[in-house]
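Subject: Structure for your files

Hello,

Here is the structure you were waiting for. My notes on what was found in it follow below.

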Amino acid sequence: MHIYANPKRFLSLAQWLMPLFFWSGLGLSLAAIAWGVAVVPPDRLMGESVRILFIHVPAAWLGMGGWTGIAISSAMLLIWKHPLASIAARAIALPGMTFTAICLATGSIWGRPTWGAWWVWDGRLTSMLVLLFLYAGYIALAQASAREGGSAKIVAIFGLVGAINIPIINRSVVWWNSLHQPPSITAGNSAIDPVFLWPLLVAVLGFSLLFGGIVLMRMRALIAEQQVEARLRRRALDDDSQISSAAASSTAAVGSA
(Lines give C-alpha, C1' and ligand atoms only; values in the text may rest on other atoms or scores of the structure.)
Protein backbone atom coordinates (compact mmCIF):
# COMPACT_ATOMS: atom_id res chain seq x y z
CA MET A 1 0.00 0.00 0.00
CA HIS A 2 2.83 2.40 0.85
CA ILE A 3 4.87 1.49 -2.23
CA TYR A 4 3.12 4.23 -4.19
CA ALA A 5 3.02 6.78 -1.37
CA ASN A 6 5.74 8.65 -3.22
CA PRO A 7 3.94 10.91 -5.76
CA LYS A 8 6.70 10.45 -8.35
CA ARG A 9 6.39 6.66 -8.21
CA PHE A 10 2.60 6.87 -8.37
CA LEU A 11 2.70 9.24 -11.35
CA SER A 12 4.98 6.89 -13.26
CA LEU A 13 2.43 4.10 -12.77
CA ALA A 14 -0.57 6.31 -13.57
CA GLN A 15 1.09 7.57 -16.75
CA TRP A 16 0.47 4.28 -18.56
CA LEU A 17 -2.51 2.99 -16.54
CA MET A 18 -4.64 6.08 -17.16
CA PRO A 19 -4.86 5.83 -20.98
CA LEU A 20 -5.20 2.04 -20.75
CA PHE A 21 -8.17 2.28 -18.39
CA PHE A 22 -9.77 5.25 -20.12
CA TRP A 23 -9.66 4.10 -23.73
CA SER A 24 -10.41 0.43 -23.04
CA GLY A 25 -13.27 1.47 -20.76
CA LEU A 26 -14.64 3.89 -23.33
CA GLY A 27 -14.46 1.24 -26.07
CA LEU A 28 -16.16 -1.44 -23.95
CA SER A 29 -18.86 0.99 -22.75
CA LEU A 30 -19.74 2.10 -26.28
CA ALA A 31 -19.69 -1.51 -27.51
CA ALA A 32 -22.00 -2.62 -24.67
CA ILE A 33 -24.43 0.24 -25.32
CA ALA A 34 -24.46 -0.55 -29.06
CA TRP A 35 -24.99 -4.23 -28.21
CA GLY A 36 -27.88 -3.36 -25.94
CA VAL A 37 -29.51 -0.97 -28.41
CA ALA A 38 -29.02 -2.83 -31.70
CA VAL A 39 -28.79 -6.52 -30.81
CA VAL A 40 -30.68 -7.22 -27.57
CA PRO A 41 -34.41 -7.86 -28.15
CA PRO A 42 -37.13 -5.95 -26.28
CA ASP A 43 -38.11 -7.34 -22.89
CA ARG A 44 -41.38 -9.27 -22.66
CA LEU A 45 -42.74 -6.96 -19.95
CA MET A 46 -40.77 -3.70 -20.18
CA GLY A 47 -40.45 -3.57 -23.94
CA GLU A 48 -37.92 -1.15 -25.44
CA SER A 49 -37.39 0.67 -22.13
CA VAL A 50 -35.23 -2.24 -20.91
CA ARG A 51 -32.34 -0.80 -22.95
CA ILE A 52 -31.82 1.86 -20.25
CA LEU A 53 -30.52 -1.05 -18.17
CA PHE A 54 -27.09 -0.84 -19.83
CA ILE A 55 -26.50 2.69 -18.57
CA HIS A 56 -28.58 2.74 -15.39
CA VAL A 57 -27.06 -0.31 -13.69
CA PRO A 58 -23.38 0.60 -14.29
CA ALA A 59 -24.12 4.17 -13.14
CA ALA A 60 -25.74 2.88 -9.92
CA TRP A 61 -22.82 0.50 -9.36
CA LEU A 62 -20.27 3.28 -9.75
CA GLY A 63 -22.26 5.75 -7.66
CA MET A 64 -22.09 3.33 -4.73
CA GLY A 65 -18.61 2.09 -5.62
CA GLY A 66 -17.32 5.65 -5.75
CA TRP A 67 -18.36 6.38 -2.18
CA THR A 68 -16.94 3.03 -1.09
CA GLY A 69 -13.64 4.20 -2.60
CA ILE A 70 -13.92 7.48 -0.69
CA ALA A 71 -14.52 5.57 2.56
CA ILE A 72 -11.52 3.29 1.96
CA SER A 73 -9.30 6.27 1.13
CA SER A 74 -10.56 8.08 4.23
CA ALA A 75 -9.70 5.07 6.40
CA MET A 76 -6.22 4.93 4.85
CA LEU A 77 -5.72 8.59 5.73
CA LEU A 78 -6.97 8.31 9.31
CA ILE A 79 -5.31 4.98 10.17
CA TRP A 80 -2.14 4.84 8.08
CA LYS A 81 -1.81 8.54 7.17
CA HIS A 82 -1.21 7.61 3.54
CA PRO A 83 -0.10 10.82 1.76
CA LEU A 84 -2.15 10.17 -1.39
CA ALA A 85 -5.34 9.00 0.35
CA SER A 86 -7.01 12.41 0.53
CA ILE A 87 -6.08 13.10 -3.10
CA ALA A 88 -7.64 9.79 -4.16
CA ALA A 89 -10.85 10.56 -2.26
CA ARG A 90 -11.12 14.05 -3.78
CA ALA A 91 -10.47 12.60 -7.24
CA ILE A 92 -13.25 10.03 -6.81
CA ALA A 93 -15.89 12.46 -5.54
CA LEU A 94 -16.83 14.32 -8.73
CA PRO A 95 -17.09 11.29 -11.09
CA GLY A 96 -18.91 9.42 -8.32
CA MET A 97 -21.42 12.25 -8.03
CA THR A 98 -21.80 12.37 -11.83
CA PHE A 99 -22.60 8.67 -12.08
CA THR A 100 -25.04 8.96 -9.18
CA ALA A 101 -26.86 11.76 -11.02
CA ILE A 102 -26.90 9.64 -14.20
CA CYS A 103 -28.36 6.76 -12.17
CA LEU A 104 -31.16 8.94 -10.81
CA ALA A 105 -31.91 10.50 -14.21
CA THR A 106 -32.02 7.18 -16.09
CA GLY A 107 -33.99 5.58 -13.27
CA SER A 108 -36.57 8.36 -13.52
CA ILE A 109 -36.84 7.90 -17.30
CA TRP A 110 -37.15 4.15 -16.82
CA GLY A 111 -39.71 4.53 -14.04
CA ARG A 112 -42.13 6.63 -16.09
CA PRO A 113 -43.29 3.81 -18.41
CA THR A 114 -42.73 1.10 -15.79
CA TRP A 115 -44.36 2.65 -12.70
CA GLY A 116 -46.36 5.42 -14.33
CA ALA A 117 -44.45 8.13 -12.43
CA TRP A 118 -41.16 9.97 -12.86
CA TRP A 119 -40.40 9.75 -9.14
CA VAL A 120 -41.66 7.91 -6.09
CA TRP A 121 -40.31 8.13 -2.55
CA ASP A 122 -39.18 4.55 -2.72
CA GLY A 123 -36.48 3.33 -0.33
CA ARG A 124 -33.94 2.67 -3.09
CA LEU A 125 -34.58 5.97 -4.89
CA THR A 126 -34.58 8.04 -1.71
CA SER A 127 -31.35 6.54 -0.37
CA MET A 128 -29.73 7.07 -3.78
CA LEU A 129 -30.83 10.73 -3.69
CA VAL A 130 -29.26 11.01 -0.22
CA LEU A 131 -26.03 9.69 -1.76
CA LEU A 132 -26.11 12.50 -4.33
CA PHE A 133 -26.45 15.06 -1.52
CA LEU A 134 -23.60 13.37 0.38
CA TYR A 135 -21.36 13.72 -2.67
CA ALA A 136 -22.25 17.41 -2.98
CA GLY A 137 -21.52 17.96 0.72
CA TYR A 138 -18.22 16.08 0.50
CA ILE A 139 -17.04 18.08 -2.51
CA ALA A 140 -17.96 21.38 -0.85
CA LEU A 141 -16.22 20.38 2.41
CA ALA A 142 -13.08 19.14 0.61
CA GLN A 143 -12.83 22.33 -1.46
CA ALA A 144 -13.29 24.51 1.62
CA SER A 145 -10.67 22.51 3.53
CA ALA A 146 -8.17 22.81 0.67
CA ARG A 147 -8.85 26.52 0.21
CA GLU A 148 -8.67 27.45 3.89
CA GLY A 149 -5.87 25.03 4.77
CA GLY A 150 -8.13 23.02 7.11
CA SER A 151 -7.53 19.53 8.39
CA ALA A 152 -8.09 16.72 5.89
CA LYS A 153 -9.15 14.49 8.81
CA ILE A 154 -12.52 16.25 9.09
CA VAL A 155 -13.21 15.52 5.43
CA ALA A 156 -12.10 11.90 5.93
CA ILE A 157 -14.46 11.47 8.89
CA PHE A 158 -17.32 12.74 6.74
CA GLY A 159 -16.33 10.19 4.08
CA LEU A 160 -16.47 7.35 6.60
CA VAL A 161 -19.76 8.44 8.18
CA GLY A 162 -21.39 8.78 4.75
CA ALA A 163 -20.53 5.14 4.00
CA ILE A 164 -23.39 4.13 6.31
CA ASN A 165 -25.71 4.92 3.39
CA ILE A 166 -24.13 2.30 1.08
CA PRO A 167 -25.55 -0.83 2.78
CA ILE A 168 -28.86 1.02 3.16
CA ILE A 169 -28.99 1.50 -0.62
CA ASN A 170 -27.99 -2.09 -1.23
CA ARG A 171 -30.53 -3.64 1.16
CA SER A 172 -33.36 -1.13 0.79
CA VAL A 173 -35.35 -3.33 -1.61
CA VAL A 174 -35.13 -6.18 0.91
CA TRP A 175 -35.82 -4.25 4.12
CA TRP A 176 -38.80 -2.21 2.90
CA ASN A 177 -41.81 -2.79 0.67
CA SER A 178 -40.46 -1.30 -2.52
CA LEU A 179 -41.60 -0.57 -6.06
CA HIS A 180 -38.05 -1.11 -7.16
CA GLN A 181 -37.33 -4.66 -8.24
CA PRO A 182 -35.36 -6.89 -5.82
CA PRO A 183 -31.70 -7.72 -6.48
CA SER A 184 -31.37 -9.45 -9.84
CA ILE A 185 -27.74 -10.52 -9.35
CA THR A 186 -26.64 -12.16 -6.10
CA ALA A 187 -23.63 -14.23 -5.11
CA GLY A 188 -23.48 -17.13 -7.53
CA ASN A 189 -26.93 -16.49 -9.00
CA SER A 190 -28.64 -14.24 -11.53
CA ALA A 191 -32.29 -13.69 -12.39
CA ILE A 192 -31.38 -11.87 -15.62
CA ASP A 193 -31.66 -13.72 -18.91
CA PRO A 194 -28.21 -14.29 -20.50
CA VAL A 195 -29.24 -12.25 -23.55
CA PHE A 196 -29.35 -9.20 -21.24
CA LEU A 197 -26.76 -10.33 -18.69
CA TRP A 198 -23.69 -10.53 -20.96
CA PRO A 199 -23.92 -7.04 -22.47
CA LEU A 200 -24.74 -5.74 -18.98
CA LEU A 201 -21.55 -7.28 -17.55
CA VAL A 202 -19.55 -5.78 -20.42
CA ALA A 203 -21.14 -2.40 -19.70
CA VAL A 204 -20.29 -2.63 -15.98
CA LEU A 205 -16.69 -3.56 -16.78
CA GLY A 206 -16.37 -0.80 -19.39
CA PHE A 207 -17.84 1.91 -17.20
CA SER A 208 -15.68 0.77 -14.26
CA LEU A 209 -12.49 1.03 -16.34
CA LEU A 210 -13.61 4.42 -17.63
CA PHE A 211 -14.24 5.52 -14.04
CA GLY A 212 -10.77 4.33 -13.02
CA GLY A 213 -9.16 6.25 -15.88
CA ILE A 214 -10.98 9.45 -14.93
CA VAL A 215 -9.97 9.07 -11.27
CA LEU A 216 -6.31 8.60 -12.22
CA MET A 217 -6.54 11.64 -14.50
CA ARG A 218 -7.95 13.74 -11.67
CA MET A 219 -5.35 12.45 -9.19
CA ARG A 220 -2.56 13.50 -11.56
CA ALA A 221 -4.14 16.94 -11.91
CA LEU A 222 -4.51 17.36 -8.13
CA ILE A 223 -0.91 16.27 -7.50
CA ALA A 224 0.33 18.71 -10.16
CA GLU A 225 -1.74 21.48 -8.56
CA GLN A 226 -0.22 20.76 -5.14
CA GLN A 227 3.29 20.72 -6.59
CA VAL A 228 2.74 24.07 -8.30
CA GLU A 229 1.40 25.58 -5.06
CA ALA A 230 4.40 24.22 -3.12
CA ARG A 231 6.83 25.75 -5.63
CA LEU A 232 5.06 29.10 -5.48
CA ARG A 233 5.22 29.06 -1.67
CA ARG A 234 8.95 28.24 -1.75
CA ARG A 235 9.57 31.00 -4.28
CA ALA A 236 7.60 33.46 -2.15
CA LEU A 237 9.62 32.48 0.93
CA ASP A 238 12.90 32.86 -1.02
CA ASP A 239 11.82 36.30 -2.26
CA ASP A 240 10.91 37.35 1.28
CA SER A 241 14.26 36.17 2.62
CA GLN A 242 16.12 38.03 -0.15
CA ILE A 243 14.18 41.21 0.58
CA SER A 244 14.91 40.85 4.29
CA SER A 245 18.61 40.30 3.59
CA ALA A 246 18.71 43.33 1.30
CA ALA A 247 16.93 45.44 3.88
CA ALA A 248 19.34 44.32 6.61
CA SER A 249 22.34 45.11 4.40
CA SER A 250 20.97 48.56 3.65
CA THR A 251 20.39 49.23 7.35
CA ALA A 252 23.92 48.10 8.20
CA ALA A 253 25.39 50.32 5.46
CA VAL A 254 23.48 53.36 6.69
CA GLY A 255 24.58 52.67 10.27
CA SER A 256 28.26 52.40 9.35
CA ALA A 257 28.04 55.61 7.31
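H2 and H3 pack at an angle of about 155°, and their axes are 7 Å apart. Axes here are lines fitted to C-alpha atoms, for helices over the stretch in contact, with angles running from 0 to 180 degrees between N-to-C directions. H2 is therefore roughly antiparallel to H3 (angles over 145 degrees count as roughly antiparallel). The crossing of H2 and H3 is left-handed, meaning that the near helix is turned anticlockwise from the far one by less than a right angle. Sorted by class, the contact of H2 with H3 has 17 nonpolar, ten polar and no charged residues. Nonpolar covers Ala, Val, Leu, Ile, Met, Phe, Trp, Tyr, Cys and Pro, charged covers Asp, Glu, Lys and Arg, and the others, Gly among them, are polar.

This is a predicted model, in which local features need pLDDT of at least 70 and side-chain atom pairs count only at pLDDT 80 or more, while totals for chains, interfaces and linings use all residues. Residues are numbered from 1 along each chain as its sequence is written, and side-chain values use heavy atoms, with hydrogens and water left out.

Helices are DSSP runs (H or I, at least four residues), numbered from the N terminus. H2 covers residues 53-80, and its 28 residues should span 40 Å at 1.5 Å a residue; the end C-alpha atoms are 39 Å apart, which agrees. The expected span is 1.5 Å times one less than the number of residues. Just after H2, lysine 81 has a positive phi of about 55°.

H3 (residues 85-115) also packs on H4 (residues 123-148), at an angle of about 155° and with axes 9 Å apart. That makes H3 roughly antiparallel to H4. The H3 and H4 crossing is left-handed. Residues in this contact (heavy atoms within 4.5 Å) include Ala89, Leu94 and Trp115 of H3 and Leu125, Tyr135 and Ala146 of H4. By class, the contact of H3 with H4 has 19 nonpolar, two polar and one charged residues.

On H6 (residues 165-175), the axis comes within 8 Å of that of H4, and the two cross at roughly 160°. H4 is thus roughly antiparallel to H6, and H4 passes H6 in a left-handed crossing. The residues of this contact divide into eight nonpolar, five polar and one charged.

Eight aromatic pairs turn up in a search of the whole structure (rings of Phe, Tyr and Trp, its six-membered ring, with centres within 6.5 Å). Phenylalanine 99 and phenylalanine 207 have ring centres 6.0 Å apart and planes at 85°, so the pair is edge-to-face (planes over 60 degrees apart). Phenylalanine 99 lies in H3 and phenylalanine 207 in H7 (residues 194-256), so the pair ties together parts that are 108 residues apart in sequence.

Regards

Notes:
Angles under 35 degrees count as roughly parallel, over 145 as roughly antiparallel, 65 to 115 as roughly perpendicular and the rest as oblique. Rings of Phe, Tyr and Trp (its six-membered ring) pair if their centres lie within 6.5 Å; planes under 30 degrees apart count as stacked, over 60 as edge-to-face and the rest as tilted.
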